[in-house]
Amino acid sequence: MKKYIALLLLPLLHCAQESQPVVGLNDLKTPDSPGFQILDIAPSTVTRPDNPTEFAVTALQLSENGSIIPKNFAMEFSPFWFVNKNDGIYKYYNLHQDNNRNIFAGVLRKLSVSLTSAVLDSTKTGLPGETNMMAFGVRTNLITLRTKAQSDRFAEALENYNSAVGTLLTESEAYTKLNTELVQHLTEKRTIEKALELGTLSDSERKTKEKELKKAIQKVEDTENRIKDFHSANFEDFATAIDKDPDVKAFYKLTEEKPAFQLDAAFAYSEAYPDNSYANRRFNRSGVWFTGTLNFKGLDESTNDRFSLLFSGRLLQDNVLTDAVAGSFERKSAFDFGFKLEYALQKLTLGVEHISRSYSDAESIDSKRTVGILQYKISDDLYFTGTYGQNFGPDKPLFTLFGVNFGFGKEKLSTKTE
Amino acid sequence: MTTTEYILEAGSTAEILLDVETDTRFGVIITTTVKMYVADSVKSKQKIDGSTDILCKYKLGKSSECENALVVINTLLDLKNIDSSLWPKVFADAEVTYKLRGGKSNNTYKHLDTDIKVKAQGGKKIQMEKRFFLTT
């Protein structure tokens, strides 16, 4: 537990020191935590949970007025993965070998809790200074539905993967020869031991056998060391060969295939701290929302491209500024409804998102958000995300954002990003 | 010696069973390949992790068929398909338990590999090998 607390504190220390972090970049997804979404500063408002993250820290660089202010952060973790330690590939992808799939399996597995902080410029709304926004969010996947054809394809690809890996791992002639030698030496050693155990040998015979036993043990150990050296010398080639194997590549490609349908839910609650002071604390906004996603095959099966259509409905309680001079606010209910169309082609994902926000008793402040989103996978651990368009608000503010997301590890931030 | 010797009861016809368990998570692909070398012949069995907590179960054969057999279990943990943030630490601690049952004794052998190879090149792979020599 101390380890986790230390990890929780690490990003805060980093923010305070504004130094180059030494953290891993195993997964760099867009910072779409519910906390950022409730504040309307996430790259995308209509999102679905991806595979869960045990613990991740998100850094968001918010471009405002031409400046980049690295004051924003989010922490997100999935409680299920702190407890559960046995979820192999079948459970993880909800592929039951008896074909008895549970479409609700993602409720706990994809449940994530997040804490977000973002410093926003209040002068745009007529208030002086900056306001620190703190938000708490929860999100999960309620339903994941794969077609039977998808599941069957996945299971078949997994079997092919297994066969390919097994062959590469143990079928080499040199490896077989080493193990055949080892079994001979072990048999010889055991034969000598049995002769000694009988206790019928004369002293001289026993001494001879003991010498033979020493030699046999040495042969066993030498061969074991050669096997160890074999693995050390060949592991890199082996790992490369696995990644290049056609069956393995086909399987990896299939893991990127999205389920036919997903239904996700999220809740977030936020408070505002003008001038970063606890005494000035006020309720900012809370909301609950549902997102349904339909995934379709793309135009060219060989490229594994796909289209996704997402619909989202969000109920909000918003603390709306009614008098900038007096600094007074009033709670209002609002309903967001929108869609997102996404096209993914290999490393590139393009999307357009439109959401309308309607207040129940204040139509004059209704607004819309329309943004284009681009994400490019530079490497397995490095993504670039950009969003451009019009955000919510009475002045139709321009919205530009570039974000990175990284997890803890041993690699340095300077080497990779998403 | 890194090979574990397992004493069988001479003449026994009891079956020898092998379980491979692991505490890993996040849907890491675990491929286990078991090879049994007896004199000049090699028997091979392969399995990917199943949907139970015991990831792989193997029936090696009757005691009489396993005498002087070297059982080599290769386990590969492949993290390539994982797009979540995984700490290398989690996998540096990955523990695979190999249990042999049957024959004369009901020995179990818990193997914590401290020399795990972690390769981060377009993904991460951890390979472990455990050897048992079955004798009488």
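**Notebook: a look through chains A and B**

Entry 1, helix H9 of chain A. I started with H9, residues 246–255 of chain A, where I found A:Val248, A:Phe251, A:Tyr252, A:Leu254 and A:Thr255 buried. Looking down the axis of H9(A), I saw these buried residues fall within an arc of 160 degrees, so they line one face of the helix. I then checked the N-terminal end of H9(A), and A:Asp245 caps it. A side-chain oxygen of A:Asp245 sits 2.9 Å from the backbone nitrogen of A:Asp247. A reminder to myself: this is a predicted model.

I counted 9 helices and 12 strands in chain A. Chain A has 418 residues, and 47% of them are buried. For contacts between residues at least 6 apart in sequence, I noted that 64% join residues at least 24 apart. The accessible surface of chain A is about 20400 Å², and carbon and sulfur atoms hold 58% of that.

I wanted to know where A:Lys340 sits, and I found it in strand E8, residues 328–345 of chain A. Is A:Lys340 buried or exposed? Its relative accessible area is 6%, and the cut-off for buried is under 20%, so A:Lys340 counts as buried. What does its side chain meet there? I found a polar contact of 3.4 Å with the side chain of A:Glu342.

Next I turned to A:Arg282, which belongs to strand E6 of chain A, residues 282–297. A:Arg282 has 17% relative accessibility and therefore also falls under the 20% limit for buried. Leaving out residues up to four places away in sequence, I listed what A:Arg282 touches: A:Glu271, A:Ala272, A:Pro274, A:Asn319 and A:Phe329. I looked up one of these pairs in detail: A:Arg282 and A:Asn319 are 37 residues apart in sequence, with 8.7 Å between their C-alpha atoms.

I moved on to chain B and counted 2 helices and 9 strands. Reading from the N terminus, I wrote down the order as β-β-β-β-β-α-β-α-β-β-β. Chain B has 136 residues, 58% of them buried. Of its contacts with a separation of 6 or more, 76% are between residues 24 or more positions apart.

I then looked for a partner strand, and E3(B) runs antiparallel to E6(B), residues 69–78, with 10 bridges between them.

The largest core I found has 26 residues, and B:Leu18, B:Leu60 and B:Leu134 have the most contacts inside it. The chain B elements giving two or more residues to this core are strands E2 (15–22), E3, E5 (54–62), E6, E7 (96–102) and E9 (124–135). I followed B:Leu60 and, residues up to four places away in sequence aside, it touches B:Ile16, B:Leu18, B:Val34, B:Met36, B:Cys66, B:Val71, B:Leu100 and B:Leu134. Apart from this core I noted another one, of 22 residues, including A:Ile89, A:Tyr92, A:Phe154 and A:Phe238.

Note on methods
Residues numbered from 1 in each chain as written. Chains lettered and ligands numbered in written order. Predicted model: local features only at pLDDT ≥ 70, side-chain atom pairs only at ≥ 80, totals over all residues. Heavy atoms only, no water. Helix = DSSP H or I, 4+ residues; strand = E, 2+ residues; numbered from the N terminus. Buried < 20%, exposed > 50% of the residue type's maximum accessible area, 1.4 Å probe, protein only. Contact = heavy atoms within 4.5 Å. Arc of directions from axis to C-beta. Polar contact = N/O pair within 3.5 Å; in protein donor to acceptor, adjacent residues only side chain to side chain. Areas by Shrake-Rupley, 256 points an atom, 1.4 Å probe, with all protein chains shown as cover. Pairing = 2+ DSSP bridges. Core = buried A, V, L, I, M, F, W, Y, C linked by side-chain atoms within 4.5 Å.
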